[in-house]
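Here is a brief report on one protein chain. Please keep the sequence and the model in view while reading.

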Amino acid sequence: MSSRTNVTAKRLMDACELLLCEAHALEELTARRIAIQAQATPSAIAYHFGSQEELITAVAERVYRRLNTERLSLLQKAVDRRAPNPPDIDEVIAALVGPSIRWATDPTSSYPVLSHFTSMAHSHRDGAPHYRRIIEDVEHHRAFIPQLKRIAPWLDEVDIGWRLNCALGIRSQVTRSRQRTEVLTNHQMDLDNPDLVIARIVEVIAPMFRRVS
């Protein structure tokens, strides 16, 4: 692929990401709007990506990589801080859930891209491969298992995997169901304060990895 082709593809991805972050609904995004923003033609989307859906998937994958890079960087810092001893459980859980919480509460982040992609994927129950490669990718989550095993050696990998999945479910409920969270907490929590939200989530999840006396 020529450098000029690469530049056009990147412009299309950048334009799509920007417009997804601005859109209130996925229906607002059109090939024409993306092309105008990217200073390209609508046919360029099909040429470089195959379809608008594939373009959105490529953009979501790129954003997801950035989110996971941040997550794994925080995990490594937690490991390094206590080395050679096991990392602190609170820091590990904060590394797991923190980036998503911070992105979800930051109006300048690209979190809307992931929200729109999730909505698009859920509306297609046929399980298209270009959705599955993101939705079913758990390798970045599996990176937490060895450290959680060091913290809680009395748990086997099934127990740790189950608890990890439950932890991710808690995070997802908080990030995707803000109205429900507000109602259930009687509007007494400042959900725009990521440090507070992360601390409260850690408070709930961490005991799952502590030995019951």
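## Cysteines

Cys166 is partly exposed, with a relative accessible area of 27%. Here buried means under 20% relative accessible area, exposed means over 50%, and partly exposed lies in between, with a 1.4 Å probe and protein chains only. Cys21 is also partly exposed, at 27%.

A disulfide is a pair of cysteine sulfur atoms within 2.5 Å. The count by this rule is zero. For Cys21, the closest cysteine sulfur belongs to Cys16, and it lies 9.4 Å away, too far for a bond.

## Model and numbering

This is a predicted model, in which local features need pLDDT of at least 70 and side-chain atom pairs count only at pLDDT 80 or more, while totals for chains, interfaces and linings use all residues. Residues are numbered from 1 along each chain as its sequence is written, and side-chain values use heavy atoms, with hydrogens and water left out.

## Overall fold

The chain holds twelve helices and zero strands. Helices (H or I, at least four residues) and strands (E, at least two) are DSSP runs, numbered from the N terminus. Along the principal axes, the C-alpha atoms fill a box of roughly 65 × 45 × 35 Å.

Of the 213 residues in the chain, 41% are buried. Contact means heavy atoms within 4.5 Å. Among contacts with a separation of 6 or more, 71% join residues 24 or more positions apart.

## Arg62

Arg62 sits in helix α4 (residues 52–82). Its relative accessible area is 17%, so Arg62 is buried. Leaving aside neighbours within four places in sequence, Arg62 is in contact with Lys10, Met13, Asp14 and Glu17.

The side chains of Arg62 and Glu17 are joined by a polar contact of 2.8 Å. A polar contact is a pair of N or O atoms within 3.5 Å; within protein, one must be able to donate a hydrogen and the other to accept it, and residues adjacent in sequence count only if both atoms are side-chain atoms.

## Second largest pocket

The second largest pocket holds about 290 Å³ of space. Of its 18 lining residues, the closest to the centre are Ala104, Thr105, Tyr111, Thr175 and Arg178. On a 1 Å grid over the protein atoms alone, a pocket is an open set of points where a 1.4 Å probe fits, with protein on both sides within 12 Å along at least five of seven lines; lining residues have an atom within 4 Å of a point. Points are joined across faces, edges and corners, and the volume is the space filled by probe spheres set on them.

Helices α5 (89–105), α6 (111–122), α10 (157–176) and α11 (178–184) each supply at least two residues of this lining. The largest share, four residues, comes from α5. The lining divides into nine nonpolar, six polar and three charged residues. Ala, Val, Leu, Ile, Met, Phe, Trp, Tyr, Cys and Pro count as nonpolar, Asp, Glu, Lys and Arg as charged, and the others, Gly among them, as polar.

## Backbone in the loops

The peptide bond from Ala83 to Pro84 is cis, with omega near 5°. Pro84 lies in the loop between α4 and α5.

Asn186 lies in the loop between α11 and α12 (194–205). Its phi is near 55°, a positive value in a residue other than glycine. His187 is in the loop between α11 and α12, and the phi of His187 is near 55°, again positive in a non-glycine residue. Asn186 is exposed, at 53%. His187 is exposed, at 54%.
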